[in-house]
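Reader: I would like to go through the terms used for this model and see what each one rests on. Please set the values against the definitions.

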Amino acid sequence: MKSHLLDTLRLLRSDRDLQDALFCSACWLGFASVAIGSVILPA
């Protein structure tokens, strides 16, 4: 399991497109969390 994780991290470090895709996904998840939170929390 640990070696699989290290392989994935190594791949991430070498692949710029993958880094960009993950970063965009993280941004969208954060944006969605804030949007959902702002709708649900005041209710």
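Reader: Why is Ser38 called partly exposed?

Author: The relative accessibility of Ser38 is 46%. Buried means under 20% relative accessible area, exposed over 50%, and partly exposed in between, with a 1.4 Å probe and protein chains only. The value of Ser38 lies in between, so Ser38 counts as partly exposed. Ser38 is found in helix H2, and its C-alpha atom is separated by 40 Å from that of Ser3, 35 residues apart along the chain.

Reader: What kind of model is this, and how are the residues numbered?

Author: This is a predicted model, in which local features need pLDDT of at least 70 and side-chain atom pairs count only at pLDDT 80 or more, while totals for chains, interfaces and linings use all residues. Residues are numbered from 1 along each chain as its sequence is written, and side-chain values use heavy atoms, with hydrogens and water left out.

Reader: What makes a stretch a helix here, and how many helices does the chain have?

Author: Helices are DSSP runs of H or I with at least four residues, strands are runs of E with at least two, and both are numbered from the N terminus. By that rule the chain has two helices and zero strands. Leu9 is placed in helix H1, residues 2–14, and Ala26 in helix H2, residues 16–40. The C-alpha trace spans about 45 × 25 × 5 Å along its principal axes.

Reader: Is Ala26 called buried or exposed, or something in between?

Author: Ala26 has a relative accessible area of 45%, so the term is partly exposed. Of the 43 residues of the chain, 2% count as buried.

Reader: What makes Asp7 and Arg10 a salt bridge?

Author: The term requires a side-chain nitrogen of Lys or Arg within 4 Å of a carboxyl oxygen of Asp or Glu. In the pair of Asp7 and Arg10 the closest N and O atoms are 3.1 Å apart, so the pair meets the cut-off. Side chains of opposite charge can pair when their charged atoms come close. Asp7 and Arg10 are three residues apart in helix H1, and therefore separated by about one helical turn. Asp7 is partly exposed at 44%, whereas Arg10, at 51%, is exposed. A search of the whole structure finds one salt bridge.

Reader: Why are Leu5, Leu6 and Leu9 called a nonpolar patch?

Author: Patches are made of residues with over 30% relative accessible area and no salt bridge; like charges are joined within 9 Å, and nonpolar side chains (Val, Leu, Ile, Met, Phe, Trp, Tyr) within 5 Å. Leu6 has 41% and Leu9 also has 41%, so these two pass the 30% cut-off. Together with Leu5 they have about 270 Å² of accessible area, computed by the Shrake-Rupley method with a 1.4 Å probe, where for residues only the protein chains shown count as cover. Leu6 is found in helix H1, and its C-alpha is 34 Å from that of Gly37, 31 residues apart in sequence.
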